[in-house]
Amino acid sequence: MLKNIIVLTSLIAATFAACPNIVSRAEWGARPPNSISYQSVPVPYVVIHHSASGGCTSQSSCSSLVRSFQNYHMDSNGWADIGYSFLVGEDGNAYEGRGWDRVGAHAPGYNSQSIGICIIGTFTSSVPNTSAQNAAKNLISCGVSNGKIRSAYSLIGHRQATSTACPGDALYNLIKSWDNYNPNP
Ligand SMILES: [Zn+2]
């Protein structure tokens, strides 16, 4: 008697997360958080920010800026940690802030249900370079692939959450063309 063994390899769709290089907290020299709260994943929102600072094109210069943001958020704002979930530099790296699973402090009303991504620089009249754009997009894809961001997520700019110029006019106009941009969150 013959048995047909059907190998359903086509149904085993290997999904390779297009994750950017993620510089860990230890690698950029983070201080430990003062407290931690966890959020339910996958989250429904991705919130885009700019840092409204100078930009950076190397891991050392980006790490230095990320440390300065953490110091400001903890020492001046009194927050438990750097506010963003991740940061992205024009060096093409992503930098781990609070990460995928911890509640951030970056967009009122969205903090416990979003990943907040800050692209380092001021993008009022120019957009981030291609390396940073790709790193941000890959970071979102990575989060979806890893079950941290819903596949039907909404992408918004910080200004859609609260009164702010963030993420800058040029970057805000750019993200309107990105996957899952939601004009009416
Ligand atoms: Zn912002």
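**Cysteines, zinc and one lysine**

Analyst: Cys 19 and Cys 142 are joined by a disulfide, with an S to S distance of 2.1 Å. Keep in mind that this is a predicted model.

User: How many disulfides does the structure hold?

Analyst: There are 2 disulfides in the structure. Besides the link of Cys 19 and Cys 142, a disulfide joins Cys 56 to Cys 62, also given as S to S 2.1 Å.

User: Back to Cys 19 and Cys 142. Is that disulfide right-handed or left-handed?

Analyst: The torsion about the S-S bond of Cys 19 and Cys 142 is about 80 degrees, so this disulfide is right-handed. The pair connects distant parts of the chain, 123 residues apart. Cys 19 sits in the segment before strand 1 (22-23), and Cys 142 belongs to helix 3 (residues 130-145).

User: Are those two buried or exposed?

Analyst: Cys 19 has 34% relative accessibility and counts as partly exposed. Cys 142 is at 2%, so it counts as buried.

User: And what about the link of Cys 56 and Cys 62: which hand?

Analyst: Right-handed, with 105 degrees about the S-S bond. Cys 56 and Cys 62 are both buried.

User: What pattern do the disulfides follow along the chain?

Analyst: The pattern is 1-4, 2-3, counting the bonded cysteines along the chain.

User: Now the metal. Which residues coordinate the zinc ion?

Analyst: The zinc ion is coordinated by His 49 through ND1, His 158 through ND1 and Cys 166 through SG, at 2.0 to 2.2 Å.

User: What spacing do the donors follow?

Analyst: Along the chain, the zinc donors follow H-x108-H-x7-C.

User: Is His 158 buried or exposed?

Analyst: His 158 is buried, since its relative accessible area is 13%. Another zinc donor, Cys 166, is buried as well, at 8% relative accessibility.

User: Different topic. What does UniProt list for this chain?

Analyst: An unreviewed UniProt entry lists "domain: N-acetylmuramoyl-L-alanine amidase" for residues 31-168. UniProt also lists "domain: Peptidoglycan recognition protein family", for residues 20-162, again from an unreviewed entry.

User: Last one: where is Lys 148?

Analyst: Lys 148 is in the loop between helix 3 and strand 6 (149-157).

User: What does the side chain of Lys 148 join by a polar contact?

Analyst: The side chain of Asp 101, in a polar contact of 3.1 Å.

User: Which residues is Lys 148 in contact with, leaving aside its neighbours within four places in sequence?

Analyst: Lys 148 is in contact with Val 41, Pro 42, Val 43, Trp 100, Asp 101 and Gly 143, with those neighbours left aside.

Terms used
Residues numbered from 1 in each chain as written. Predicted model: local features only at pLDDT ≥ 70, side-chain atom pairs only at ≥ 80, totals over all residues. Heavy atoms only, no water. Disulfide = S-S within 2.5 Å. Helix = DSSP H or I, 4+ residues; strand = E, 2+ residues; numbered from the N terminus. Buried < 20%, exposed > 50% of the residue type's maximum accessible area, 1.4 Å probe, protein only. UniProt positions renumbered as here; feature names shortened; annotations may be inferred. Donors = N, O, S within 2.8 Å, 3.2 Å for Na, K, Ca; no water. Polar contact = N/O pair within 3.5 Å; in protein donor to acceptor, adjacent residues only side chain to side chain. Contact = heavy atoms within 4.5 Å.
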